[in-house]
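Please examine the chain displayed below. The report that follows describes its elements, its surface and a few selected residues.

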Amino acid sequence: MHWSGGAGPKRLRAATWTLELMAVTVETPTGPHSLDLIMNLFLLASAGGAIGAGARYLVSVGVGHWLGPAAVAFPWATLLVNVVGCFLMGVLIEGLALRLSGSPEVRVFLATGVLGGFTTFSAFALDVSVLMGRKQELAAGLYVAASVALSILALYAGLWLARQVLA
């Protein structure tokens with residue numbers, strides 16, 4: 001990832017820390033209390049996901065009321081949620097890296113839970129950012145292409161399968 005605009009050593013260290021430590025996944029804990037920690041993180045992700053999914057629904061309803069029939073002609077609500085979710089992921093991750101505590105509980109609740117429930121596109125964008133920050137441009141490009149192409153193909157495969165079984 002290229003950082004412009006006066007990125008000094010402190011800013012670059014924070015950005016690197018952000019990319020490496022703030023990925024949406026959390027290292028699997030081990031030890032005598034690992035199951036308790038995993039369950040705690042699971043519950044935090046679930047609670048955050050419920051909040052994020054509820055917020056996504058409210059945005060959808062709000063955009064539908066605001067745009068009326070135009071909201072059906074183009075997926076404006078989805079576009080809005082994806083862009084806003086990615087923006088919020090950037091603010092969250094950088095804020096945690098530069099100023100705030102980035103405990104696993106906070107990261108899982110906000111990044112995986114709330115923003116993951118709001119839009120999985122924010123997690124996708126963060127994954128691309130991590131790969132680019134590691135200077136793995138080819139892997140990032142392949143990840144983008146494979147994610148989009150395979151997801152669309154999988155949707156069509158699911159549509160086809162459902163038609164075969166249910167029709």
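## Order of the elements

From the N terminus onward, the elements of the chain run α-α-α-α-α-α-α. The chain thus holds seven helices and zero strands, where helices (H or I, at least four residues) and strands (E, at least two) are DSSP runs numbered from the N terminus.

This is a predicted model, in which local features need pLDDT of at least 70 and side-chain atom pairs count only at pLDDT 80 or more, while totals for chains, interfaces and linings use all residues. Residues are numbered from 1 along each chain as its sequence is written, and side-chain values use heavy atoms, with hydrogens and water left out.

## Surface and contacts of the chain

The accessible surface of the chain comes to about 10,800 Å², and 72% of this belongs to carbon and sulfur atoms; such areas come from the Shrake-Rupley method with a 1.4 Å probe, and for residues only the protein chains shown count as cover. Of the 167 residues, 26% count as buried. Buried means under 20% relative accessible area, exposed means over 50%, and partly exposed lies in between (1.4 Å probe, protein chains only).

Among the contacts in the chain with a separation of 6 or more, 68% come from residues 24 or more positions apart. A contact means heavy atoms within 4.5 Å.

Helix 4 (residues 76–98) has 23 residues and reaches 33 Å from its first C-alpha to its last, close to the 33 Å expected at 1.5 Å a residue. The expected span is 1.5 Å times one less than the number of residues. Among the buried residues of helix 4 are Val-81, Gly-85, Met-89 and Leu-92.

Cys-86 also has its place in helix 4 and is partly exposed, with a relative accessible area of 24%. Leaving aside neighbours within four places in sequence, Cys-86 is in contact with Phe-121, Ser-122 and Ala-125. Cys-86 and Ser-122 are 36 residues apart in sequence, and their C-alpha atoms are 4.4 Å apart in space.

## Helices 6 and 7

Helix 6 (residues 120–133) and helix 7 (residues 137–166) pack at an angle of about 160°, with axes 7 Å apart. The two helices are therefore roughly antiparallel, a term for angles over 145 degrees. Axes are lines fitted to C-alpha atoms, for helices over the stretch in contact, and angles run from 0 to 180 degrees between N-to-C directions. The residues making this contact include Phe-124 and Leu-131 of helix 6 and Ala-140 and Tyr-143 of helix 7.

## Leu-43

Leu-43 is found in helix 2 (residues 34–67) and is exposed, with a relative accessible area of 52%.

Notes:
Parallel < 35°, antiparallel > 145°, perpendicular 65-115°, else oblique.
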